[in-house]
Amino acid sequence: MCFRKLAALSFALCAAGSASPVLAQQEGKLRINQIQVIGTHNSYHAGFAPSAEELWQSKNPEGFKGLDYRHQPLAAQFDSGVRQIELDIFADSKGGLYAHPLGPSQIAAAHLPPDPPFDPDGVMNKPGFKVMHMQDIDFRSTCQPFVACLEQVRKW
C-alpha cells in the first residue's frame, strides 16, 4: 500500500509539472519538481595524494579514471553556486576504525615515497562518523569528521 501511495505521489508531482515555473512562483504554487539546483557528487572528495595516485593508476587504470577527481572545500563550492552536497559517512562509535587504511602500507610495499599524512590531527582516532569514499583506498576528505562538515555548512 505504501508503494502505491508513493507511485501516486510521484505521478501527481510529474503530472503537475506542466505549469510554467515563473507563473507558478508568481501564483505561490511552485512545486518541488519545478526546482533545480547545482549539486556535487562525493562533495568532500579530496582526491589522491601523489604516490597513491601512481599506485592505483598502475594497478587499475580504468578504475582509477572514475576516482581521479577532487572538489574544493564545501564553503568554496557553496560560494560557486552549489546547493546540494553528498557526504558518504561511515560509523566509528569507538574511534580508530579508519585511522590506519591499507593504502599507505601498499604504497610502502610498492617502494613509493610516503604521501603526506591524511589525518595529522588524529581525528580518525576519535569516535564519530567519518567522511570518505572508500575506506582503504580513497579516504582523503576536505572535511573530517561528519560533524565538522555539518559545521561548515552551518557556518556558510
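Helices (H or I, at least four residues) and strands (E, at least two) are DSSP runs, numbered from the N terminus. The model is predicted, so that local features need pLDDT of at least 70 and side-chain atom pairs count only at pLDDT 80 or more, while totals for chains, interfaces and linings use all residues. Residues are numbered from 1 along each chain as its sequence is written, and side-chain values use heavy atoms, with hydrogens and water left out.

**Salt bridges**

- The structure holds two salt bridges, a salt bridge being a side-chain nitrogen of Lys or Arg within 4 Å of a carboxyl oxygen of Asp or Glu.
- One of them joins the side chains of Lys 65 and Glu 62 at 3.2 Å, N to O; because these residues lie three apart in helix α4 (residues 61–65), about one helical turn separates them.
- Lys 65 and Glu 62 are both exposed, where exposed means over 50% relative accessible area, buried under 20%, and partly exposed in between (1.4 Å probe, protein chains only).
- In the other bridge the side chains of Asp 92 and Lys 130 meet at 3.0 Å, N to O, and this pair links distant parts of the chain, 38 residues apart, with Asp 92 in the loop between β3 (89–90) and α6 (103–109) and Lys 130 in strand β4 (residues 130–131).
- Both Asp 92 and Lys 130 are buried.

**Nonpolar surface patch**

- On the surface, Leu 30, Ile 32, Ile 35 and Val 37 form a nonpolar patch whose accessible area together is about 390 Å².
- Patches are made of residues with over 30% relative accessible area and no salt bridge, like charges being joined within 9 Å and nonpolar side chains (Val, Leu, Ile, Met, Phe, Trp, Tyr) within 5 Å.
- Accessible areas come from the Shrake-Rupley method with a 1.4 Å probe, and for residues only the protein chains shown count as cover.
- Ile 32 sits in the loop between α2 (21–26) and β1 (38–39), and it counts as exposed because its relative accessibility is 62%.
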